[in-house]
Amino acid sequence: MVTLKINDQEVKVAEGTTVLEAAKKLGVNIPTLCNHPDLCVAGNCRVCVVEQTGARTLIAACAMPVSEGMDIHTNSLKVRNARKHIVELLLSEHRADCTKCYKNQKCELQTLANEYSFGEHIFLDLVENHPYIVDRSSPAFIKDDSKCIRCQRCVRTCAQLQHVSAIAVANKGAHMKISSFHDRPMSHVVCTNCGQCVNRCPTGALTEKTYIDQVWDAIYDTDKHVVVQTAPAVRVALGEDLGYDPGERVTGKMVTALRQLGFDSVLDTDFTADLTIIEEGTELLTRLKKVLVENDHSMALPMFTSCSPGWIKFIEHKYPKMLPNLSTCKSPQQMFGALAKTFYAQKRNIDPSKVVSVSIMPCTAKKYEADRPEMRSSGYKDIDFVLTTRELAVMIKQAGIDFRTLEPTHYDSLMGSSTGAAVIFGATGGVMEAALRTAYEIVTGKPVPFKNLNIMPVRGMDGVKEATVKIEGTTEEWRFLEGAELKVAIAHGLVNANKVAKAVSTGKANYHFIEIMACPGGCIGGGGQPIPTNVEVRQKRMDAIYSEDMHMDLRKSHENPEVIAIYNEFLEKPNGHKSHELLHTHYIERESY
Amino acid sequence: MKNKGLTKVDLIFETIDVRKVMTKAFEMTSDEIINEILESGLKGRGGAGFPTGLKWKYTAAEQEPEKYIVCNADEGEPGTFKDREILDKAASKVYAGMAIAGKAMGSKKGFIYLRGEYRFLLPQLFVELHKFHKMIHEIGYDFTIEYRMGSGAYICGEESALFESIEGFRGEPRNKPPYPTVSGLFSKPTSINNVETLVTAVMIIEKGANEYVKLGTKDSRGSKVFSISGDTPIPGIFELELGMTVQEFVNEFGDGDTKAVQVGGASGFCVPRKRFGDTIIGFEGVPTGGSMKLFNSSRSMYNVLHNYLDFFAEESCGQCTPCRVGCQQLLKGVENVKKGEAKSTYLNELVKLADTMKVASKCGLGQSVGNAFKSIVENFREEIIY
């Protein structure tokens, strides 16, 4: 233990603790900008400088480990003057169009400016000194360099959490900027649109591309029938943007709010999550049979899940040789979209050209996914608009809805029913757990041999998880799997996905089925989720997901009555002709820069 | 204190029997070598002036099987060109310094990070390196040296940015601590020394610390190679004993009309004529990595300052706020004052900003921008305004 003094208060902390953490322990707040709990220390914004008695210079609290006898002052005149200068310097290179900015009142620089830089600015405005690019090329997000304060949170996110490095630092000195390979537009580089950078940007330099106005236009267009679907992870995070603590489940209130916003039908992505399990589970069993029994290697093992559009783009760029290993199932969002303008429109007797399909997602990559040319199997654009959890919160505020006082209601009935298996899609390991609950039962006629159906080995925040499920007591049809050990792996965050993909591509791993989610923690930590994010927040959202699962009457996808019905009435059979037409897709090899 | 006066010496470029020194060092223990350097009082010749003996001692104390000796030959300070001359004329002494440092610290591997613009020196340097390797391996040393090339960024002369560059990353300074002696190149204990420091260390081992301390002053031991340029009839490389005043220096090298001397390059200090007599060149006065630039009365100090600020605004790595934005503000600020677009009192704000940069920047680059800025603005304010 190390003893030091901060603002004349003594504190004892473990060796290796930073001054910033030690101060936090005392309840002393030191402002930060480039620092983020998910990322390695950068120490480059210098907002957190503090005075150490005897030191020649001020020190960056985020980067300085404590040492015995340190005497730190966090609010001395020297510190205040330097901090004011630093905030002023950042403001001088930042286009402070606050009232026009999507991040207005949610901007960390603005908060600091309120504390340190009111009144006249000291320094000259440098914004016009440089030609800035506003990159709107991605359907998922906007990169506005004129608002960038070069804290490099995005760069560290992209490299350290996602192993993508679509953005990196270019040039030096006054010309230093965050850029892509050869300054290409973000739509033409290795970017997966995961939005993790958007989630961590302290200013409005990286924001989701918003479609709020387009959705309002559709809602008020009397000619249109607007259906909305909500992803599993939205319901456990939306509350954070509306004044609730992390981990609050607001499913019922959210449904009521969506109805009040004017959507014609409020439906659940969970329905197609359950459908995904049937399709993907069947696909897995087919692949196992082809490869293991019929020795037909036209189908590849292991099979990767395909729910996460960030992961899809990652593998298309980085491991195109493994595209045959990717399940051909569309993500639940896109299955929903394809069915909304076919099955749903038929059943409700609506002209599919009048259906506007909106989805509320924890994700920015879903905006990109909806724009993929493959995603028009209904004959129309299957999903018209994708909004993030954050955008939905904005709409609720715009509509003047007092969210807290809302009475919870249920989803509408057609394509609105779900199971606990679908809800847990929102957390890393959830798709795997849901798939195992169903696949095991198909093969053996019995529930998975885990207490309360909770398959604990696939849960939790470990970057890569592995499990083996022994298949025993198979039915006649699946006798070839008797005694087999199904080896599965789960990875979340693309840096971990890369580890697994690399192991598979080099023949070092021997799995049958692998679940990958692009974002840390799975969809609960998606790029479209409320800001801020950190390990604790994600854990609370995850706990809420599993609690939602436990509260459901039905917890196995194949028991979803609407899923059973849609096969009887429309799709005929899993992986059948109609399924392939509407619910399955193909992938594209992409360049690796 | 009586100053030493100006004395020319010839130690760095002096031809010595390198094999003899290497044999002598081979028979010394690690402690003996380090103590010799400690006793000499040698301070780093790159400009920062950290005691070399301490650096070696700290690195030697690390219990890590892999350690590195890095020679910083990324000479980039405006007005400095001495390391080029040393490498050109006395490369074997540079190699010798590295091998002796390796022996003292238990390192088997050395890297020379050579300024990109000095690539033309390489063919000859390789020939000498080959001979040197052969010679020391015969004596029994287990030490090899490799070259790594810079690519023109000034910041890569900063030790931790230099490591990043060698490791294949963008040259950006790291947070310190950990210091290089604990975690440097490839996160291993590393002693990084300037070209001239290493040659001086060889000289100390050859002649003994007791001989060496006869030169220089208490705070600035020994002699130093100066790169002299600007308004002087005799520009070039000169080795001088430390301890002279700027006046004595100007008497020797000035053109009779010297109004200011920039000591230590763009990151050093500007000494005006009125301070020539009482300013010692060395750690008790104005330290320098070697750059001495003389300006006569035909020069506009605004242009001099503008040139330096332009340089820094370009060569800051751009990582930390005070340096990246501060350099641009200082540059644009003096331009606006000159053009009359900002009040002359705005210079006071800029001086305060320079103070912030000095205490809040991440590395030595940003911390030293204020040196030139303040010393020019304070001494030649009227030239900046009018």
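**Close-ups of a predicted two-chain model**

**View 1. Where chain A meets chain B.** In this predicted model, 29 residues of chain A are in contact with 31 residues of chain B. Look for helix α2 (residues 77-92) of chain A here: 7 residues of the side that touches chain B belong to this helix, the largest share. By class, the side of chain A that touches chain B has 18 nonpolar, 7 polar and 4 charged residues.

**View 2. Chain A on its own.** Chain A is built from 18 helices and 18 strands. Its radius of gyration is 25 Å, close to the 25 Å given by the globule rule for 593 residues, so chain A is as compact as a globular protein of that length. Along the principal axes, the C-alpha atoms of chain A take up a box of roughly 80 × 55 × 50 Å.

**View 3. Inside chain A.** Buried residues make up 55% of the 593 in chain A. As for who touches whom, take the contacts in chain A with a separation of 6 or more: 75% of them pair residues 24 or more positions apart.

**View 4. The two domains of chain B.** Chain B splits into domain 1 (18-212) and domain 2 (301-385). Going by C-alpha atoms, the centres of these two domains of chain B sit 33 Å apart.

**View 5. Where the domains of chain B touch.** Here 9 residues of domain 1 of chain B are in contact with 8 residues of domain 2 of chain B. On the domain 1 side of chain B, the residues touching domain 2 come out as 6 nonpolar, 1 polar and 2 charged.

Terms used
Residues numbered from 1 in each chain as written. Chains lettered and ligands numbered in written order. Predicted model: local features only at pLDDT ≥ 70, side-chain atom pairs only at ≥ 80, totals over all residues. Domains from an automatic or database assignment. Contact = placed C-beta atoms within 7 Å. Nonpolar A, V, L, I, M, F, W, Y, C, P; charged D, E, K, R; others polar. Helix = DSSP H or I, 4+ residues; strand = E, 2+ residues; numbered from the N terminus. Rg over C-alpha atoms; globule rule 2.2 N^0.38 Å. Buried ≥ 20, exposed ≤ 12 C-beta atoms within 10 Å, placed from the backbone.
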